[in-house]
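Subject: Structure handover

Hello,

Here is the structure for your files. My notes on the core and the sheets follow it.

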Amino acid sequence: MSVAREGGCACGAVRYRLTAEPLFTHCCHCLNCQRQTGSAFVINLLIETDRVELLADLPHPVDVPRDDGSTQRIFRCPTCQVAVFSQYGHPGVRFVRGGTLDDPAGVTPDVHIFTRSKLPWITLPESAPAVEVYYDSKALWPATSLERLGSDGTRTRGLPPESACATSCHGADTCLVGSRSLRA
Ligand SMILES: [Zn+2]
Ligand SMILES: [Zn+2]
């Protein structure tokens, strides 16, 4: 990547720069994402929290109820309230909303998830895997991304041991440890 990706909210008070390529990029068709965005799906760039450099105001966290009874923390611009990224249980990883990038066309989803609730008029591309619910990151992520999250001690602080995952992520649909703790 020659130029770091940048993005921000609508009013410009919140600006961010991604100092690395995303670990993986999701296109999520779940009903939570549809409701939160008022749209058909969300594009989430998964990236380490410390690789999201904040250039202006700090977005503020809002805990939003999900339909499984858990909450999801969404970070919004304090002024215009546009959501720029989310956190699902794992404090070390941000889910940056692709539509807030200055160049949203610069990313293509690596996987389509929760296609069980995909709107029927959307045709998925052949070029990316699509799963009914979620997937095992060990099977789909590039080795470099697994390494970034798994073996670098500075980036795994706060990462729960696998056995604790179901507790810490509340069985969220974006559990980063794997799909075994998911509620089907
Ligand atoms: Zn704003
Ligand atoms: Zn979703």
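The largest nonpolar core has 21 residues, and those that touch the most other members are L23, L46, I47, V52, V84, F85 and V96. A nonpolar core here is a set of buried Ala, Val, Leu, Ile, Met, Phe, Trp, Tyr and Cys residues joined through C-beta atoms within 7 Å. Buried means that 20 or more other C-beta atoms lie within 10 Å of the residue's own; exposed means 12 or fewer, partly exposed is in between, and C-beta atoms are placed from the backbone. Two or more residues of this core come from each of strand 2 (15–18), strand 4 (42–48), strand 8 (83–87) and strand 9 (93–97). Strands (E, at least two residues) and helices (H or I, at least four) are DSSP runs, numbered from the N terminus. Another core, of 11 residues, lies apart from this one, and its members include C30, F41, I113 and F114.

The model is predicted: local features need pLDDT of at least 70 and side-chain atom pairs count only at pLDDT 80 or more, while totals for chains, interfaces and linings use all residues. Residues are numbered from 1 along each chain as its sequence is written, and chains are lettered from A and ligands numbered from 1 in the order in which they are written.

With neighbours within four places in sequence left aside, I47 is in contact (C-beta atoms, placed from the backbone, within 7 Å) with L18, A20, P22, L23, V52, R94 and V96.

Now the sheets. Two strands pair if DSSP finds at least two bridges between them. One open sheet has 3 strands in the order 1-2-5, with antiparallel pairing. Its edge strands, each pairing on one side only, are strand 1 (5–8) and strand 5 (52–54). Strand 2 is joined to strand 5 by 3 bridges, and L18 stands opposite V52 there.

The other open sheet has 7 strands in the order 6-7-8-9-4-3-10, and its pairing is mixed. Strand 6 (60–65) and strand 10 (111–113) are its edges. Strand 10 runs parallel to strand 3 (residues 24–28), with 3 bridges between them; C28 has I113 as its bridge partner.

Strand 6 runs antiparallel to strand 7 (residues 71–76), joined by 6 bridges, and V62 is partnered with I74. These two strands form a hairpin with 5 residues between them, and G69 in the turn has a positive phi of about 95°.

Regards

Methods: Contact = placed C-beta atoms within 7 Å.
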